[in-house]
Amino acid sequence: MTTYIIRRLIIGVIILLLVTMMVFLFVRLLPGDPLMVFMGNLRGSGQINTMGPEEHDRLMHEYGLDKPIYEQYIKWLGDVFQGHLGKSVGIGQDVGTLIAERLPRTAYIGLILFVITTFGGIFAGIYCALRRGSWIDNTITTIANIGMTVPTFWFGILLIYLFGYKLGWLPLFGWVNPFEDFWGNIRHIILPVASVALGGIAGMARLVRSCMLEVMRADYVRTAWAKGLRERVIVIRHQIKNAMIPVVTVLGGTVGAILGGSVFIETVFSIPGMGRLMTTAIFDYDYQIVQATALIFGGIVIFSNLIVDIAWGWLDPRIRYG
Amino acid sequence: MADKATVTPPSPDAIGVTAAPPRRSEWRRFARVYFGRRLYLIGFVIVVIIILTAIFAPLLAPYDPIQNDLRGKLQGPSLEHWLGTDQLGRDILSRIIYGTRISLEIGFAAVFSSAIIGALMGLTAAHFGGWVFTLIMRVTDALMALPGIILVLLIAGLGGRGIPVVIFALGFGGVAGMCRMMCGQALSVKQNDYVLAGRAIGMSNWRIMLTQIFPNAFPPLIVGLTMAIGGVVLGEAGLSFLGIGVPAPNPSWGGMVMDGQRYLLDNALLSLAPGVAIMLLVFGFNMVGDGVRDAIDPKLRGVL
C-alpha cells in the first residue's frame, strides 16, 4: 500500500508540473500580448505617455518576458517553491495575498456543494434503483435528465429572478463573511449553491442509479437472496457497497466540476472568489494571476484524484497490485 | 409491425435474400430499439427541428438579428415581437433562431476537430505502446487535471476574440477525452486476429492503424461524439456568457443570457428564453446519443 501511495504521489506531482508548463505555454504562445492591458492601464493613469516599442521592450525586460520560455519557467517554478506566486501585472498586488483572501470563499462554497451533491446524488440514486419504475423514480430520473442539460449560469439567473426579484426572499448577489454574519452568509449562498447543485446531484443520481441496477443483477446478489439473507443486509452489504466502487472514482471529477461551476456562480452572484479572480485575470491578461490560479485549480483536482486513487486501492485490492 | 421483416418467408431467389436482408433487418432492429422509447424519439425530433431551424433561419426569423432599433428597446412580449426585444431593440426570437446556427456551427466544428486530433493521439498511443503511450497518457492527464471549462476559458481568453478561437478552444478542451476513448477502443481492437494477419502480410504500422484498427474502433465512439456536441454547446454558451466567447453583434445564446441579466425586471425573457434553447439542444443531442448507445448495446437498455 505504501509503495502504491508513493507511486501515485509522484505521478501526481509530474502531472501538476505538466499542467503548469501547459499554462505557461498558453500564456506565452497564444496570440495576445501579456503587457497590452497593463500598458493601457498605465497610459490611462498618465504614468507613461508614449506606448512606443521602446517602452514595451523596457517592460518586457523588467518582467523577464524577453528571456527564453524555459528560463522564465524555471525562474517561476523556483519562486513558487519558495512561496512566491508573483506580482499581478494589472493591479500590482501580490498574487499570494490575493489568493489567500479568495481561496477560502471558493473552498467554503465548494465544500458545501461537494457534500450536498455527493450525498444528495447517492441517496436519490439508491432510492430510484430500489423503487425502479415507481412514480418517484420516474420523477427524479426526469428531473435528473433535465438537470444535466441546464447551464449553471442560466439556472442561477432564473433563481435570482424568482427568489430575488419576484418573491424577494433572498438577496440578489454578493458575499457576506460567515464569521461576521452567519445567517446573512447562509442567505447569500443558498442560490449560488442551488444553481450548481442541481446539475451535480442530477449527474450523481444517474450514475448511482445505473451502478445499483447493474449490481442488482449480479450473481452474488442472486446467491445472497437464495441463501435467504434479509433484504436489509443484501441491499446494504451486497448492493450498495459494491455499487459505490465506480461512484468513488468519479468523485475527483465532481471536485473539478464544482470548481468549474464556481467560475460561473461567482460571476452571476458577484462572489469575490477564485473563479472570479481567474476570469477577470484572463480578461485583463494578468498572466501572473492566471498562472497561479491554474496551479491552484490543477493542484486541487490532482490532489482529489490522488485521494480517490488511494481510497480505490483500499476498497479494491486488485488495483493496488495491478 | 417492425417484426414483419423477420417473418417474411424466403423468396425463391435464396441467394439474393441471404445477401441483402441481414443488413436491412439490422437497421430495422436499430430503428425499433431507438424509436421504441419515447424520450429518444423526442430527442430525435428536437435535433431534426434544430438543424432545420439553423438551415432555414433567414426564412423563419421575423426580423434581422443584428439590426438595432433603439426606439423599441426592452419591449415585453407582443404580437410583433413574440419574445420581446433586447436592450438594443433587436427581436429576441430572431436572435435565438439565428443563434441556432452559431451554436451548431461551433458545436460540430469543435467536436469534429477534437475527434480527429484526439483519435489520432489515441490510436498512436494504443498502437505503439511503451513510452509513446506513457507520454500521451500523461499529457491527457494534464489536460484533464484542469476542470474542462477552465481549460477552455484559458485558451479562449488568452487566444484573442472571435469564433475561430472559440472553436479552437472548445476543440482543444475535448481532445483529451476523445484520446482516452479512442485509446481504450483501439487497445481492445488490437487483440483481434485480423490485426495480426495485417502484420503477417507485412503492412506498415500506419497502414494497420488507419485501415485495420481505426475503422473498427470508431463506431462505438459515435455515441461519445453525439454526447460531446451537447457539452460543447454548453461550453460555448458558458464562454459567451462570461464575455470570452462569440463576439458581440453575433447572436449567441450564452451572450444573450449575459445581456439579459441586467434587464431581468424589464424583460426577463431576454435572459431566460435563450437558456431554454440551450437546454433543448443539449437535451436533444444527449437523448440521441443515449438512444444510439442503447440500440447498439442492448445490455445497457433502460439502465442509464
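These legends walk you through a few close-up views of a predicted model.

**View 1. The two domains of chain A.** Let us start with how chain A is divided. The domain assignment places residues 2-81 in domain 1 and residues 104-283 in domain 2. Between the C-alpha centres of these two domains of chain A there are 36 Å.

**View 2. Where chain A touches chain B.** Here the two chains meet, with 43 residues of chain A and 39 residues of chain B taking part in the contact. On the chain A side, the elements that give two or more residues are helix 1 (2-29), helix 7 (152-166), helix 8 (182-216), helix 10 (231-268), helix 11 (274-284) and helix 12 (287-315). Look for helix 1 of chain A, as this helix supplies the largest share of that side, eight residues. What classes of residue make up the side of chain A that touches chain B? There are 33 nonpolar, eight polar and two charged residues.

**View 3. Helix 7 crossing helix 8 in chain A.** The axes of helix 7 of chain A and helix 8 of chain A come within 9 Å and cross at roughly 135 degrees. That angle is why helix 7 of chain A counts as oblique to helix 8 of chain A. Their crossing is right-handed.

**View 4. The residues between helix 7 and helix 8 of chain A.** From helix 7 of chain A, the residues in this contact are T152(A), F155(A), G156(A), L159(A), I160(A) and F163(A). They meet L191(A), P192(A), A194(A), S195(A), V196(A), L198(A) and G199(A) of helix 8 of chain A. By class, this contact holds nine nonpolar and four polar residues, with no charged residues.

Notes: Residues are numbered from 1 along each chain as its sequence is written. Chains are lettered from A and ligands numbered from 1 in the order in which they are written. This is a predicted model: local features need pLDDT of at least 70, side-chain atom pairs count only at pLDDT 80 or more; totals for chains, interfaces and linings use all residues. Domain bounds come from an automatic or database domain assignment. Two residues are in contact if their C-beta atoms, placed from the backbone, lie within 7 Å. Helices (H or I, at least four residues) and strands (E, at least two) are DSSP runs, numbered from the N terminus. Ala, Val, Leu, Ile, Met, Phe, Trp, Tyr, Cys and Pro count as nonpolar, Asp, Glu, Lys and Arg as charged, and the others, Gly among them, as polar. Axes are lines fitted to C-alpha atoms, for helices over the stretch in contact, and angles run from 0 to 180 degrees between N-to-C directions. Angles under 35 degrees count as roughly parallel, over 145 as roughly antiparallel, 65 to 115 as roughly perpendicular and the rest as oblique. A crossing is left-handed if the near helix is turned anticlockwise from the far one by less than a right angle, and right-handed if clockwise.
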